[in-house]
Amino acid sequence: TLSPFWNISLWVALGVSTALLPVLPKQWGIVSFLVSLILRAIYTIGLTPALLLLGSINLFNKLLFLVSFVGNQGTFARGYKAVVMDLLFIYHLGYALICVLGLFVHEFFYSFLLFDLVCREETLLNVIKSVTRNGRSIILTAILALFLVYFFSIIGFIFFKNDFRMEVDPLLASGGADLLCDAKAADSSSENSCPASPSKSLPDEDDGVERVCDTLRMCIITVLNQGLRNGGGVGDILRRPSKEEPLFAARVIYDLLFFFIVIIIVLNLIFGVIIDTFADLRSEKQGKEEVLKTSCFICGLERDKFDNKTVSFEEHIKSEHNMWHYLYFLVLVRVKDPTEYTGPESYVAQMIAKKNLDWFPRMRAMSLVSNEGDNEQNEIRSLQEKLDNTVTLVSQLSSQLYELKEQMTEQRKNKQRLGFLGPPQLNHHHIPTH
């Protein structure tokens, strides 16, 4: 039952969510409407009928999903081996089985449906993968820890059996009788309806303390249960020895070795493997998101390839290489009659049948091709200008060289002319006569 205020509030919430259903975004509008409808149904028809109704709707929805899933995937057409190996189909089949158990056996089984959130949320799925991805390493390290616990249990059973004493809280044998007597006393008006309980004796020194290492099996269970759960190891539950005892040094070494080897090294190895795996999964996720943000899904070109171009990267992934347009084209090729294919559609259909992706424009884009053509034209124009300048310079040098040649020729002629007109005179020495 509800107070009038909350009753009216639920009706108002249902009406408002129904009115805002076409206005709000699809997901939030449906969620708000379903929540208000479920709460209103629980307080209108009762919890059990509402649970039966929701369970029936959920089971019917899941069966329809399984039928559509099998039809789209062609699970049974691939054989029973493919059915067993298809983990996604097995998962949805188990989901439907849980719905059946919750509807016809007990409502407790509905609680298992909450684990569907793990499969839907990628972060939670990475948490599970951090344990299962390196499961072999974790299992082998856990086996090593069991071996060490077994060795320490044997040592404790042989040398420190009397130190394994634990305080326990036993249930009183007369507890049930006391409760029954109290119940009778509440219904009876007489004060002496229950016999007087015998007085308890004073507790001895060893009351509430048990020996937990009298057998090797019990010693292994104690070390495994108490040693791994205590921060200081098995030494936290053992008797505190006196320094005068002969095995005091051995006991200190035993406690320290268990603490350093099992608690600090082995358990931290397991935790380190899990934490490192989770960090690797997070890095992989960030890397994938970075690739999707900085590169085209169709051609694989990165964002920097479109810097200083006529088409930006955002325009390229929205108009030139829109991945949804390619998906629509693939669906068109699959559903269209092959006799009505055009040339490109026929080519793409043959490539899809061969599972060949060469028809995708890998590392190519029309905008970059046109820009490359313009760049080539500009380069050719600049080369032509450089060639013209070089030809002009060569002609100038040729003319200068010709002029220099003419000057050299003229100078040679002048020298020859001077040689004919005035030859150099020789010095004659006259010999005196006697």
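How much accessible surface does the protein chain have, and what share of it belongs to carbon and sulfur atoms? The accessible surface comes to about 33,000 Å², of which 64% belongs to carbon and sulfur atoms; such areas come from the Shrake-Rupley method with a 1.4 Å probe, and for residues only the protein chains shown count as cover. The model is a predicted one, in which local features need pLDDT of at least 70 and side-chain atom pairs count only at pLDDT 80 or more, while totals for chains, interfaces and linings use all residues. Residues are numbered from 1 along each chain as its sequence is written, and side-chain values use heavy atoms, with hydrogens and water left out.

The overall picture comes next. The protein chain holds 15 helices and 2 strands, where helices (H or I, at least four residues) and strands (E, at least two) are DSSP runs numbered from the N terminus. Of its 434 residues, 21% are buried, a term for under 20% relative accessible area, with exposed meaning over 50% and partly exposed in between (1.4 Å probe, protein chains only). Among contacts with a separation of 6 or more, 60% join residues 24 or more positions apart; a contact means heavy atoms within 4.5 Å.

The UniProt record, an unreviewed entry, carries the annotation "transmembrane region" for residues 6-25, 37-60, 89-117, 138-160 and 256-279. Such annotations may be inferred rather than shown by experiment; their positions are given in the numbering used here, and feature names are shortened. Two of these spans can be set side by side. Residues 256-279 are 100% helix and 0% strand, with end C-alpha atoms 32 Å apart. Residues 89-117 are 62% helix and 0% strand, and their end C-alpha atoms lie 17 Å apart.

Grid points are joined across faces, edges and corners, and a volume is the space filled by probe spheres set on the points.

The largest pocket has a volume of about 660 Å³. Its lining has 16 residues, and the closest to the centre are Val31, Leu34, Val35, Ile38 and Leu54. Helices α2 (26-45) and α3 (47-73) each give two or more residues to this lining, and α2 provides the largest share, 9 residues. By class, the lining has 12 nonpolar, 3 polar and 1 charged; here Ala, Val, Leu, Ile, Met, Phe, Trp, Tyr, Cys and Pro count as nonpolar, Asp, Glu, Lys and Arg as charged, and the others, Gly among them, as polar.

The second largest pocket holds about 490 Å³ of space. Among its 14 lining residues, Asn58, Tyr95, Leu113, Asp116 and Arg120 lie nearest the centre. Helices α3, α5 (87-104) and α6 (116-120) each give two or more residues to this lining, which divides into 8 nonpolar, 3 polar and 3 charged residues.

Finally, the loop between α14 (343-353) and α15 (366-421) contains Lys355, whose phi is near 55°, a positive value in a residue other than glycine. Lys355 is exposed, with a relative accessible area of 76%.

Methods:
1 Å grid on protein atoms, 1.4 Å probe; cavity = no way out; pocket = protein on both sides within 12 Å on 5 of 7 lines; lining within 4 Å.
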